[in-house]
Amino acid sequence: MSPISRLSALDAIAKADGIESLRQEALLKTGALQTAILTSENFSIIATDEKGIIQLFNVGAERMLGYMAAEVVNKINPSDIHDPQEVMARAQALSVELATTITPGFEALAFKASRGIEDIYELTYICKDGSRFPAIVSITALRDDFGTIIGYLLIGTDNSVRKQVEIALNEAMAVAEKANLAKSDFLSSMSHELRTPLSAILGFAQLIESGTPAPSPSQKRSVDQILQAGWYLLDLINEILDLALIESGKLSLSLEPVSLAEVMRECETMIESQAEKRGISVSFPEFGSPRFVSADRTRLKQVLINLLSNAIKYNTEHGRVTLECVDTPAGRIRICVEDTGKGLAPEKIDQLFQPFNRLGQEANTEQGTGIGLVMTKRLVELMGGVIGVESVVGKGSMFWIEMNITSEQKIPADLLNLVVGPVAQGPTDPHTRSLLYVEDNPANLMLVEDLIARRPDLRLLSARDGISGIAIAKASLPDFILMDINLPGISGITAMKILSEDPLTKHIPVVALSANAMPRDIAKGLEAGFFRYLTKPIKINEFMETLDLVLEVAKTRADSVLVKEAP
């Protein structure tokens with residue numbers, strides 16, 4: 001062999017030795033990696049043959065389950081160490097899901113994996129000592145080079161900590177929900193307790209104001225003060241309850257297309273008197289074409305009234321309030337309320353939306369709680385809008401809200417024909433009609449007595465509790481019934497349901513009149529079947545309009561009953 005040939009052979013041997021060395025090193029690394037996986041104590045690794053009999057049981061499985069590998073290898077399958085009831089339930093669920101019969105046992109664990117479907121399930125492992133723990137298990141089919149299943153690999157982790165966290169979280173949520181319900185019940189109770197005396201104060205003050213003979217100038221001033229203070233106190237109660245509802249997430253909104261022109265006309269009417277008293281001029285925008293925003297109509301009006309009222313209250317004498325609407329590039333419309341007041345310093349702007357913070361206006365003669373702007377901000381955000389303010393000391397402030405623009409909601413013509421009918425006229429029956437008022441509060445009963453005394457076409461019957469009310473209703477068959485909710489014995493809702501189920505009285509409209517005035521109370525009453533739900537304190541105009549409406553409905557129902565009973 002030539003020297004060159006000998007060198008070439010030596011190089012080839014050296015290269016072969018190098019490759020073999022690398023291969024051995026790779027094998028050692030792979031072996032070390034496999035050993036590390038198999039001896040990991042954080043995961044249970046179980047491998048089975050194609051029939052499900054355990055062939056490998058790693059250190060993690062031994063630690064978690066308490067069995068030694070020798071106790072299970074070639075002896076049992078993984079379903080033997082699962083909760084049998086859960087395995088059975090899994091088999092039934094998979095049978096429904098996959099539309100095939102799956103037997104309880106290892107097939108229930110491995111069926112998806114055998115079909116090449118990724119499967120991770122959560123079942124309870126049963127340890128050698130009988131203890132249990134929830135586990136999350138990933139199961140995979142093991143295949144040879146020809147795609148034939150030669151076994152299954154199950155990798156499990158202890159899920160106890162997560163389960164404990166879930167239980168603790170659920171318990172905390174239950175406690176929070178209970179606290180929210182208690183808060184709602186407290187607010188409902190407080191609303192009722194505060195409104196009940198207010199009902200008498202405002203009701204009788206309105207009677208004196210509109211009575212005959214008219215009050216003297218001195219009496220008129222006193223009555224005006226009573227009414228002003230009473231309605232203001234009612235506004236405070238409503239604001240605090242509304243804020244509490246928002247904070248608890250209980251306030252429900254009905255978002256729909258709302259015409260800005262219509263809402264602003266209503267706002268203009270409502271703030272006109274306030275502006276005139278202070279000599280403030282208020283200008284509203286003119287709309288060349290209808291503009292609609294997505295909002296809750298009542299709450300949008302509440303927001304605008306609050307911003308306009310503030311602009312009037314905190315304006316300079318004979319100042320101006322300007323309301324403008326500007327389109328924004330983001331598909332919104334910005335509604336700006338600008339005043340010519342004293343303006344706000346930057347540090348005060350930062351405090352504007354804090355509850356009960358009146359920015360040093362506590363000594364001012366203007367009444368307020370400092371929660372109006374907080375309410376306004378929360379309501380705007382709940383309706384999907386944003387609110388902001390710009391102010392210059394000595395020149396005035398501009399509060400603005402941005403709402404999402406939407407299109408008008410079209411009512412189909414056939415539905416419109418069903419909805420729009422003839423306008424209901426006042427009662428035309430010359431004979432006296434009867435009204436039953438079920439009420440346990442003497443002051444409320446006296447107030448309604450005085451109101452009905454102004455209606456010569458009505459005769460008032462009364463009952464002090466639900467049982468008596470039912471008895472009088474059956475005996476006298478009044479044209480309609482006015483029902484308090486909180487009554488001695490049975491509630492007004494229960495009494496109403498009893499009357500509605502009796503063939504003798506089921507045609508009689510029942511109107512709720514209650515100091516339970518929270519939205520959920522009103523919704524609950526209407527869902528129960530009341531024809532209308534009026535709240536205390538009574539608003540006389542609303543009360544009288546409801547009387548006319550119910551009398552017309554009562555007459556229609558009574559005529560219908562007579563026609564059905566005719567031979």
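The model is predicted: local features require pLDDT of at least 70, side-chain atom pairs count only at pLDDT 80 or more, and totals for chains, interfaces and linings use all residues. Residues are numbered from 1 along each chain as its sequence is written, and side-chain values use heavy atoms, with hydrogens and water left out. Helices (H or I, at least four residues) and strands (E, at least two) are DSSP runs numbered from the N terminus.

The buried residues of H5 are Phe106, Ala108, Leu109, Ala110, Phe111, Lys112, Ala113 and Ser114. Their cover includes helix H4 (84-98) together with strands S1 (44-49), S3 (119-126), S4 (132-143) and S5 (149-158). Just after H5, Gly116 adopts a positive phi of about 75 degrees.

An open sheet is formed by five strands in the order S2-S1-S5-S4-S3, with antiparallel pairing; two strands pair if DSSP finds at least two bridges between them. Strand S2 (54-57) and S3 are the edge strands, each pairing on one side only. On average, neighbouring strands of this sheet are turned by 30 degrees against each other, direction ignored. Eight bridges join S3 and S4 in the antiparallel sense, and Ser138 in S4 is the bridge partner of Ile120. H5 packs on the sheet, where it touches S1, S3, S4 and S5, and its direction makes about 45 degrees with that of S4. Contact means heavy atoms within 4.5 Å; axes are lines fitted to C-alpha atoms, for helices over the stretch in contact, and angles run from 0 to 180 degrees between N-to-C directions.

Elsewhere in the chain, helix H8 (residues 260-278) packs against helix H9 (residues 297-313) at an angle of about 30 degrees, the axes being 10 Å apart. H8 and H9 are therefore roughly parallel to each other, a term applied to angles under 35 degrees. Residues of H8 that meet H9 include Leu260, Val263, Met270 and Ile271, and their counterparts in H9 include Leu300, Leu304, Ile305 and Leu308.

The chain as a whole contains 17 helices and 17 strands, and buried residues make up 39% of its 567 residues. Of the contacts with a separation of 6 or more, 64% are between residues 24 or more positions apart.

Methods
Buried means under 20% relative accessible area, exposed over 50%, partly exposed in between (1.4 Å probe, protein chains only). Angles under 35 degrees count as roughly parallel, over 145 as roughly antiparallel, 65 to 115 as roughly perpendicular and the rest as oblique.
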